[in-house]
Amino acid sequence: MRIVAVEAIPYALPFREPYVTARGRLDQREMVLLRMRSEEGVVGLGEAVPLSLRGGAGLEQVVRELELLRGLPDLTEEAIRAGAADLSAPARCAALTALLDLRGRHAATPAPPPPPTPTPTPTPTDPRSHFRPDSGQSYDRDRDGAVTCNATLVAGEPAAVAEEALRWAADGFSTFKLKVGPGEDVGAVRAVREALGPQARIRVDANATWDVETARRVLDELAPLGIELVEQPVATLTEMAALAAETPVPLAADESVASLAEAERAAALGACEFTGVKLSKVGGPEQAVAIADVLPAYVSSALDGPVGIAAAAQVAITLSAGDRPERLELAHGLATQRLFASTVAAVECELRGDRLHLPPGPGLGVEIDEDALNAHRL
């Protein structure tokens with residue numbers, strides 16, 4: 001497959017309310033939409049979410065890296081895949097996602113009619129294919145699947161966090177992720193538990209802001225409240241392994257598992273039972289699936305736009321279709337489109353209750369609203 005055009009478009013989506021975590025506050029999310037057009041005129045979409053708050057590549061670097069793809073001497077799928085290996089994780093995610101989307105759209109695009117010939121033309125095959133990390137094929141096209149998602153609750157005063165949890169619960173959510181770290185951690189979790197009752201699943205995310213002693217103390221207080229898991233309570237895998245030996249609360253990695261090698265180290269240390277995977281953090285869908293083959297994983301949004309959410313949902317469906325039954329018990333953090341005040345998509349994933357449904361079209365199925373994209377360009 002030959003690529004004739006590569007376009008990187010930086011844009012930002014505003015939040016309905018400020019997004020507050022232990023690492024700071026965001027009023028909007030900056031990201032990069034990538035479009036690749038094949039010589040047949042088919043366009044594939046990718047998306048990068050710069051993770052500069054986590055010490056990663058910033059927006060300008062990601063845009064620059066993606067624009068450099070245009071300078072490759074041979075714009076084939078194989079050359080772009082090879083060149084993506086040298087990109088930052090968000091840029092690599094965008095490039096590989098766009099290739100997979102392009103392949104899926106190609107598979108569903110009717111071939112041009114052949115010249116007249118007495119030989120019968122074969123019937124086109126079913127364009128559906130299954131996403132595998134080593135295949136270079138398109139995403140899983142089983143549109144009967146949907147992804148169960150958790151609610152995302154930003155840090156705040158306990159009463160306000162509990163009130164927000166009730167709003168998500170009224171819309172059908174049963175798993176709730178609380179951002180903790182900057183204030184009344186135990187008080188907020190207790191308020192949510194009291195508001196929602198014993199059946200709700202509650203997980204917390206400290207974004208690596210606790211030391212081991214603080215984490216041990218806080219988790220001792222949280223354990224009686226029935227916590228599903230705590231995400232990235234401490235900064236390193238060594239610290240997490242020490243903590244895991246002293247708390248009954250299941251631990252999940254996030255920042256400390258950004259590669260297959262780190263997942264393998266986490267498993268060897270017994271540092272955590274789970275890991276969250278963000279496509280822009282780990283470098284794309286294939287790497288996410290590879291990590292999930294080492295550690296039971298749930299897929300989380302990096303506060304992605306519509307393209308990133310669709311790609312992550314495809315990965316989540318791929319994981320649930322595998323032979324690791326523990327994956328089926330984990331809600332995914334992909335309902336974050338509710339947090340934004342606007343979108344750049346004309347067609348995107350749809351939330352119905354706590355279930356995220358993929359759009360019906362080929363590839364990722366996302367279609368861009370050009371007027372909205374122009375309004376949000378940076």
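The briefing begins with the chain as a whole and then treats its sheets, a helix pair and individual residues.

The model is predicted. Its protein chain holds 12 helices and 15 strands. Of the 378 residues in the chain, 55% are buried. Among contacts between residues at least 6 apart in sequence, 69% join residues at least 24 apart.

**The sheet E1-E2-E3**

- Three strands make up an open sheet in the order E1-E2-E3, and their pairing is antiparallel.
- Strand E1 (3–21) and strand E3 (43–48) are the edge strands, each pairing on one side only.
- From one strand to the next, the twist of this sheet averages 20 degrees.
- E2 and E3 are joined in the antiparallel sense by 6 bridges. Within this pairing, Arg35 has Leu45 in E3 as its bridge partner.
- Helix H3 lies across E1, E2 and E3, and runs at about 155 degrees to E3.

**Ser38 in strand E2**

- Ser38 belongs to strand E2, which spans residues 24–38.
- Ser38 has a relative accessibility of 0% and therefore counts as buried, the cut-off being under 20%.
- Beyond its neighbours within four places in sequence, Ser38 is in contact with Met1, Arg2, Ile3, Val4, Leu102 and His106.

**The helix pair H1 and H3**

- Two packed helices are described by the angle between their axes and the distance between the axes.
- Helix H1 (residues 59–68) packs against helix H3 (residues 89–108) at an angle of about 40 degrees, and their axes are 9 Å apart. Because of this angle, H1 is oblique to H3.
- The crossing of H1 and H3 is right-handed.
- On the H1 side, the residues that meet H3 are Val62, Glu65 and Leu66; their counterparts in H3 are Pro90, Ala91, Ala94 and Ala95. By class, this contact has 6 nonpolar residues, 1 charged residue and no polar ones.

**The sheet E4-E14-E13**

- A further open sheet has 3 strands in the order E4-E14-E13, with antiparallel pairing.
- Strand E4 (146–148) and strand E13 (350–352) stand at its edges; each has a single partner strand, so one side of each is left without a neighbour in the sheet.
- Neighbouring strands of this sheet are turned against each other by 30 degrees on average, direction ignored.
- E4 pairs with strand E14 (residues 355–357) in the antiparallel sense over 3 bridges. Opposite Ala146 stands His357 in E14.
- Helix H11 (residues 306–320) lies across E4 and E14 and runs at about 85 degrees to E4.

**Strands E9 and E10**

- Strands of a sheet pair through backbone hydrogen bonds, either parallel or antiparallel.
- Strand E9 (residues 251–253) and E10 run parallel and are joined by 2 bridges. In E10, Thr275 is the bridge partner of Ala253.
- In a regular strand the side chains alternate between the two faces of the sheet.
- In strand E10 (residues 274–277), Phe274 and Gly276 point one way, whereas Thr275 and Val277 point the other way. All four of these residues are buried.

**Loop residues with positive phi**

- Most residues other than glycine have a negative phi.
- Ala208 is not a glycine, yet has a positive phi of about 65 degrees. Ala208 is located in the loop between strand E7 (201–205) and helix H6 (212–222).
- The relative accessibility of Ala208 is 18%, so Ala208 counts as buried, given the cut-off of under 20%.
- Gln232, also a residue other than glycine, has a positive phi near 40 degrees. Its place is the loop between strand E8 (227–231) and helix H7 (237–244).
- Gln232 counts as buried because its relative accessibility is 0%.

Key. Residues numbered from 1 in each chain as written. Predicted model: local features only at pLDDT ≥ 70, side-chain atom pairs only at ≥ 80, totals over all residues. Heavy atoms only, no water. Axes fitted to C-alpha atoms, helices over the stretch in contact; angles between N-to-C directions. Helix = DSSP H or I, 4+ residues; strand = E, 2+ residues; numbered from the N terminus. Parallel < 35°, antiparallel > 145°, perpendicular 65-115°, else oblique. Left-handed = near helix turned anticlockwise from the far one by under 90°. Contact = heavy atoms within 4.5 Å. Nonpolar A, V, L, I, M, F, W, Y, C, P; charged D, E, K, R; others polar. Buried < 20%, exposed > 50% of the residue type's maximum accessible area, 1.4 Å probe, protein only. Pairing = 2+ DSSP bridges.
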